[in-house]
Structure formats: C-alpha cells, structure tokens
There are 2 protein chains.
Amino acid sequence: MGRKQTKSGKIRLTEVAKLAGVSPITASRFFRNPEALSLSKRERVDSAVKELGYVPNLAARALASHRTEVIGVVIPSLTNNVFADVLRGIYDSSEGSRYTIQLANTRYSILQEEKLLRLFRAQKPAGLIVTGINQTAESRTILESMNCPVTQIMEIGDSPVDMMVGFSHYDAASAAISHILEQGRRRIGFLGARMDPRVQRRFEGYRDAMKAASLFDPNLIVTTSVPTTVTLGGTLFADLLAQTPDIDAVFCVNDDLALGVLFECQRRQISIPRDLAIVGFNDLEFTAAAVPSITSVRTNRYEMGRHAVTMVIDAIEGRRPQTPVLDLGFQLVVRESSTRQSTVMAGSVGID
Amino acid sequence: MGRKQTKSGKIRLTEVAKLAGVSPITASRFFRNPEALSLSKRERVDSAVKELGYVPNLAARALASHRTEVIGVVIPSLTNNVFADVLRGIYDSSEGSRYTIQLANTRYSILQEEKLLRLFRAQKPAGLIVTGINQTAESRTILESMNCPVTQIMEIGDSPVDMMVGFSHYDAASAAISHILEQGRRRIGFLGARMDPRVQRRFEGYRDAMKAASLFDPNLIVTTSVPTTVTLGGTLFADLLAQTPDIDAVFCVNDDLALGVLFECQRRQISIPRDLAIVGFNDLEFTAAAVPSITSVRTNRYEMGRHAVTMVIDAIEGRRPQTPVLDLGFQLVVRESSTRQSTVMAGSVGID
DNA sequence: ACAATTATTGACAGCGCTATCATCGGATTG
DNA sequence: CAATCCGATGATAGCGCTGTCAATAATTGT
C-alpha cells in the first residue's frame with residue numbers, strides 16, 4: 001500500500017474519490033458511515049484507499065466537523081503505580097478505536113485540574129475520563145458544560161457527572177479492618193500518606209469499622225500529606241510505635257507504606273505476623289513476593305481503565321450504558337502478614 | 001476573562017481582530033510571532049484576547065499551517081516504573097510550552113513501533129521522542145523521513161537519528177561489576193528478565209567485565225524473556241542457585257529482580273551481604289528502605305525526560321543543540337547489600 | 001533631500017474535509 | 001399506476017486559521 005504516495009503529491013480524499021469513481025463526499029462517508037454506501041461503492045473506495053495509501057487529515061476533519069476524536073484523561077499522578085495500571089487499560093482499550101488519548105496530570109492539585117479541564121473544553125474532546133469524584137464546583141460546572149461523555153474513575157459515589165467506574169474505598173478499608181479484627185487483633189494502627197480524597201475515604205472506612213467495634217482511638221492514627229514512599233512507611237510506623245507502643249496490627253493505605261513497615265519491623269526485630277499484623281492496599285505485585293507475604297486489597301485497575309474507555313466510546317457513539325455507575329469491586333487478598341494461612345476472600349461484586 | 005464567550009456566539013480570531021482594530025492576520029501573528037507587531041498593536045490584541053476569552057482553534061491552525069504542535073512520545077511500557085519517571089519529566093517540561101504530548105506504547109514490540117511511527121508520521125508531529133537506539137531499518141527510515149526533530153532517549157550510541165539523551169547501560173553495568181569485584185567477590189551471578197536491548201547492553205557490560213577479570217562463566221547466568229516482577233527475581237535466583245550453588249554475588253538487571261532475590265534469601269536464610277552480595281539497577285526508591293538496603297545504579301530518568309523535551313522544542317524552534325548526544329551518566333549507589341559501609345561513587349559525568 | 005532599505009501591516013486564497021440540503025432512481029403502497 | 005417514501009449519491013459552501021506576497025510606513029545612508 002501507499003506506493004503512489006511517494007511518487008506524486010499529497011493524497012487527499014479527492015484523489016481517493018477520483019480513483020474510486022465517486023464524489024468526494026461519498027468517499028468521506030466511507031469513513032464515517034460505511035453502511036450508508038452501496039456495497040459496490042464501498043468496495044471501490046476501500047481499494048482506492050489502500051491503493052493510494054490514503055491517510056485522513058485529522059485537522060481538516062476536526063475543523064469541518066467541529067469535533068475531534070480525542071478522549072481526554074485527567075489523572076493526579078504519573079508516578080503512582082496505581083495509575084500506571086489504569087493507563088495501561090486505557091491505552092489498550094483505545095487502541096484499535098478511532099480515538100486518541102490525551103493525557104493530563106494534575107499532580108493532585110484541584111486548581112491544576114480546573115485549568116486542565118478548561119484546556120480540554122477548548123479542544124472539544126469527544127469524551128473525557130477524570131479521576132475521582134471530588135472535583136471543585138467550578139470543575140463540575142466545566143465538566144457539565146463539556147457537551148461530551150464524561151467518566152469518573154477510581155471510585156464511585158452518588159451524583160456522577162455522567163458515568164462512573166470504580167469501587168468503594170470505604171468498603172474496601174472496612175473489609176480490611178474486619179479481617180484484621182477477625183484475627184483477634186484489637187489495637188489496629190492506621191498509616192496514611194498523601195491523604196488525597198480516596199485515601200481519606202479509606203480512613204473513614206477504618207474509623208467507622210473501629211468505632212463499630214468500640215476500638216477507635218486517635219492515638220492509633222498517624223498520617224501525613226507527604227507523598228507515599230516505602231521509606232515513609234518505615235518513618236510513619238516508627239512514629240506510630242513511639243506514640244502507641246501496644247499496637248498489634250497496622251493498616252496502611254497502600255502497599256508501599258506496608259512494605260516500609262515490613263522493613264522497619266525487620267530492622268527492629270518485630271516478628272510479622274506474630275507481634276504485628278500488616279495489611280496494605282492495592283495488591284501491587286511485590287506483596288505476594290515479600291517475606292512474609294503481605295495481605296492487601298486487590299482493586300481492578302486495569303479493568304477500570306478498559307471499562308472507562310469503553311463506556312466513553314459507547315456513549316460517544318450513542319450507546320449509553322444501562323446504568324451509569326459501574327462498581328468493579330475489590331478483593332481482600334489474605335496473606336501471611338495478617339494470618340498464618342493464605343486465602344482469598346471476595347469483596348463486593350466485581351465484573352470479571 | 002471570557003465573559004463575552006457565553007453571551008454571544010463563537011469567538012474567532014476575526015472577532016479578536018475586530019475588537020483590537022487590526023486585521024485578522026495581524027491578530028494571528030500576535031500568537032506566532034509577537035515581536036513582529038508594534039508595541040501598541042500587540043497590547044491592543046492582547047487585551048482583546050483577554051476581553052473575549054479567545055481560545056485558538058488548533059484544528060484550523062494545523063490545517064492552515066500544515067503542522068501540529070504535537071510532540072509524539074514512543075515508549076515500550078507503561079507499567080515499568082522507569083518510564084513513569086521519564087514521562088513525568090516529559091510532561092513537566094512540556095507544560096507551559098505550546099506543545100502537546102502524544103503518548104504511544106509499543107509494549108516492547110518493534111513491529112508495533114513501526115506501526116506507531118507510521119501513524120505519527122501521518123499526523124505530522126512537531127517533534128518526536130522515541131525510546132532506545134534499536135529501531136528496525138524500516139523504523140529508522142520512517143524517522144528520517146519525518147521531517148521533524150527526533151530525540152532518542154534512555155541510552156546513547158553512535159549514529160543518532162537526530163539527537164539523543166541517555167547514558168551507557170554497558171558502562172553502568174561494568175561499574176556495578178567492578179564494585180562487586182572490589183568487594184572481593186568472584187562468583188558473580190547475572191539475573192536478567194525481559195532482555196530488551198538495554199538489558200542486553202547491561203549484560204554485555206557484565207560479560208566483558210567478568211571476562212576482563214577472567215571470571216566469566218556461563219553457569220553464572222540466568223535470563224528469561226518474561227517481563228520483570230519481584231516474584232520472578234526470586235524464581236530466577238532459585239534457578240541460579242540450583243545451577244551454581246557457589247555464587248557469592250548477584251547482579252540483577254533491575255531493582256525489582258533484586259528485591260525478589262532479597263526476599264528469596266530471607267526465605268532461605270541466606271545472609272546478605274555476608275553470604276551473598278546483591279546489586280540492582282535503576283535505584284528505585286525502595287532500594288534505600290530495604291533491609292538490608294540494596295546497592296543500585298542510579299539513572300537520571302526524570303532529567304532525561306526533561307532534557308528530551310527541551311532538546312526537541314529547541315530544535316523545532318531552530319535552536320539546535322551544540323552537540324546532538326547528551327550523556328546524563330549514572331551513579332553507583334553503594335548500600336548495605338554489597339558491603340558494610342554505605343557510600344556513593346560517581347559514575348560517568350552527568351549534568352545535574 | 002531622496003532613494004534604498006527595513007519594519008509593519010493587510011488582502012487574498014486556500015488548507016482538506018464535512019454539514020446541509022438537494023436530487024434521483026427505484027421500491028412500496030393502496 | 002400515480003403518489004409516496006426511502007436509500008444512495010452529489011453539489012455547494014464553508015469550518016477558522018495562516019502562507020504568500022504585496023503594500024505601506026518608518027528609518028537610514030549619502
């Protein structure tokens with residue numbers, strides 16, 4: 001294909017139409033709505049496209065049609081492994097479709113988010129995927145004025161802007177705490193970093209579960225707004241230990257912190273799980289390999305990315321989902337760090 | 001700003017020009033080459049833009065000017081932490097510029113890379129950033145026919161397509177092996193996964209350093225084409241141990257493998273560094289937190305991303321770099337896993 | 001002072017595609 | 001068999017911006 005391309009000048013839709021013996025507008029329709037063409041013309045245009053190696057000019061298309069084929073994606077972090085998985089799902093799903101992904105990073109700043117959304121609006125994207133449900137009022141207004149399908153990802157809640165895919169961080173944290181309580185632990189510490197809205201919700205799940213068991217104690221809690229690192233996990237744990245030496249378990253808002261705690265325990269000769277149970281969140285790959293392996297909450301991030309794109313594309317093309325909010329659930333993966341036996345317990349109902 | 005926007009219809013450049021009392025083409029120049037305007041007109045257009053909340057139509061601009069303001073970025077993986085850092089640098093650097101990043105993922109497939117490059121070429125990007133120096137002949141041809149600045153990242157070599165930013169994986173691996181040898185270790189194992197071209201080059205650095213010391217032995221090597229995981233590190237190490245029980249050190253092509261080895265050693269009660277030295281690669285954050293902390297090779301990935309974008313933008317705008325190949329070097333970060341004392345030794349000369 | 005040069009500015013004509021509406025057979029219908 | 005409808009196709013007219021080149025104003029040299 002494309003052998004004429006180099007020979008002569010540019011291949012425009014006009015050239016394709018000429019070769020196929022149809023009008024340019026018919027050739028145009030071949031791309032947008034092939035079913036509208038008679039079989040014979042469809043085939044003629046198809047072979048002309050291949051013969052000439054025609055590639056559509058997206059700028060011209062966007063200008064004439066007043067729309068782009070861009071799906072904007074707004075995420076808070078490029079470093080966080082969690083988003084890498086989501087992004088992989090997003091890119092995988094968009095591949096093969098006509099849509100292009102445009103990525104933007106808020107760095108957890110809601111002002112930056114507003115700015116980015118404004119930028120996106122100016123570009124008239126075909127669809128939008130945004131992280132979380134805690135947009136500012138202004139951001140919500142922008143999203144609602146977008147005039148394109150919007151999917152919120154990572155968590156679910158009432159009043160979606162449009163559609164949602166995610167899971168309940170509150171429930172996931174509650175499930176983790178229930179598990180720890182079932183193991184007979186009573187003094188369960190909470191370690192949190194960054195404290196973005198989703199982490200906040202995990203905290204609430206922890207808090208309410210502890211209160212329900214009449215075990216809540218502010219001294220069990222250590223948090224910081226500093227971004228998560230493994231090293232930080234160790235530091236926070238040291239702080240917790242200094243503050244409340246009699247803890248018998250720690251719930252970490254993510255696996256990196258949990259790994260940091262594990263290392264710190266090795267340093268201090270605290271035996272896991274004998275002296276202390278550790279539970280993480282996200283089920284990153286290393287949790288299974290650690291010694292002891294770390295109990296964590298698996299979330300279906302790759303699937304989340306895939307679904308988000310599918311939902312947006314479907315909506316763009318008029319196939320609105322039956323229900324706008326999709327709960328992908330979670331699974332508590334019990335490993336050695338919180339018990340002796342390794343099993344998997346299902347969380348809320350997923351898709352899979 | 002933008003208060004007229006909602007009131008009446010679309011704000012086009014014409015409207016701005018009218019309000020500023022200039023011709024549309026002058027208003028257009030305000031964006032492309034403000035220095036060409038007289039101060040008075042420049043100010044008038046500027047305030048008209050703000051007054052009307054004008055936002056340029058990028059599609060129209062691209063169509064009329066035959067160029068886009070897109071910088072394409074081709075990377076092999078979205079999952080690999082290493083690329084997350086590079087991407088962060090890329091996005092950070094592109095912010096504030098007029099250019100937009102368009103990301104594409106080859107998944108380590110050179111055919112996919114060819115396909116993506118063809119796609120990019122059709123879109124006439126303003127610049128391109130591609131990973132590595134091992135493009136197929138076909139890919140190189142496409143890159144050379146791009147007619148835009150191209151920067152190859154992650155490694156350096158002779159014969160850049162255009163520009164390069166990276167470091168020598170060969171030298172970095174050699175430096176790591178030299179260090180291990182200096183510690184008095186002689187039976188140094190090599191653990192490799194994925195074996196992409198850069199990993200291959202690290203292997204060559206290992207191989208040649210071992211040969212130079214007359215210590216090379218094929219039985220010291222275990223590799224696989226399977227993607228890296230922490231768990232895999234443990235598995236490969238077990239294989240190595242079965243194959244060659246008398247090893248006294250392991251060089252892992254990345255930190256995930258090294259962590260896996262560390263865990264496997266904990267499982268087998270192999271004392272680090274007494275019985276075995278471990279050295280990783282990339283200096284991911286957890287290496288410093290591990291117990292014992294893991295010696296690794298620090299590479300300047302974030303800077304690499306930043307430089308790549310800067311170089312491309314500079315080249316687009318006619319400011320070609322003095323030298324097309326930028327070596328960002330590496331630093332061997334010596335930690336407990338390979339010695340008793342913790343120090344940093346400088347590798348090849350960096351920028352910083 | 002006047003031609004030559006250089007900064008500013010503008011007119012014109014598209015870029016390549018698609019929205020819109022018109023057209024035109026042929027199938028459907030009573 | 002005329003009236004009606006529908007599917008398939010085409011003609012026209014831009015979308016909003018910038019490349020090109022010409023025109024004009026300001027500046028300079030001799």
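Modeller: Let's start with how elements get their labels: helices (H or I, at least four residues) and strands (E, at least two) are DSSP runs, numbered from the N terminus. The model is predicted, so local features need pLDDT of at least 70 and side-chain atom pairs pLDDT 80 or more, while totals for chains, interfaces and linings use all residues. Residues are numbered from 1 along each chain as its sequence is written, chains are lettered from A and ligands numbered from 1 in the order in which they are written, and side-chain values use heavy atoms, leaving out hydrogens and water.

Colleague: Okay, which element gives the largest share of the surface near DNA strand C?

Modeller: "Near" means that a heavy atom of the residue lies within 4 Å of the molecule or strand. By that rule, H5(A) comes out on top with four residues. Helices H3 (24-32) and H5 (58-65) of chain A, and H3 (24-32) and H5 (58-65) of chain B, each supply at least two residues.

Colleague: How many residues surround DNA strand C, and which are the closest?

Modeller: There are 25, and the closest are A:Leu13, A:Ser28, A:Arg32, A:Tyr54 and B:Thr26. Of the atoms of DNA strand C that come within 4 Å of the protein, 72% are sugar and phosphate.

Colleague: What classes of residue does the surface near DNA strand C have?

Modeller: Here Ala, Val, Leu, Ile, Met, Phe, Trp, Tyr, Cys and Pro count as nonpolar, Asp, Glu, Lys and Arg as charged, and the others, Gly among them, as polar. That sorts the surface near DNA strand C into 12 nonpolar, seven polar and six charged residues.

Colleague: And how do I read polar contacts?

Modeller: Look for a pair of N or O atoms within 3.5 Å; within protein, one must be able to donate a hydrogen and the other to accept it, and residues adjacent in sequence count only if both atoms are side-chain atoms. In this model, a side-chain N or O atom of A:Arg32 is 2.3 Å from a phosphate oxygen of DNA strand C.

Colleague: Which residues come nearest to DNA strand D?

Modeller: Out of 25 around DNA strand D, they are A:Thr26, B:Leu13, B:Ser28, B:Arg32 and B:Tyr54. A polar side-chain atom of B:Ser28 sits 2.3 Å from a phosphate oxygen of DNA strand D. H5(B) gives the most to the surface near DNA strand D, with four residues.

Colleague: How do chains A and B relate?

Modeller: Two copies of a chain are related by a rotation about an axis and a shift along it. Superposing by least squares on the C-alpha atoms of residues with pLDDT of at least 70 in both, chain A can be laid on chain B with an RMSD of 0.1 Å by a turn of 180° and a shift of 0.0 Å along the axis. That's a two-fold axis. The C-alpha of A:Ala59 is the nearest to it in chain A, at 2.3 Å.

Colleague: How many residues of chain A are in contact with chain B?

Modeller: Contact means heavy atoms within 4.5 Å, and 38 residues of chain A are in contact with 38 residues of chain B. The buried area (accessible area, 1.4 Å probe, that two parts lose on being put together, summed over both) is about 3,400 Å² between these chains, 58% of it from carbon and sulfur atoms. In chain A, A:Leu78, A:Phe263 and A:Val291 lose the most area to chain B, together 15% of what that side buries.
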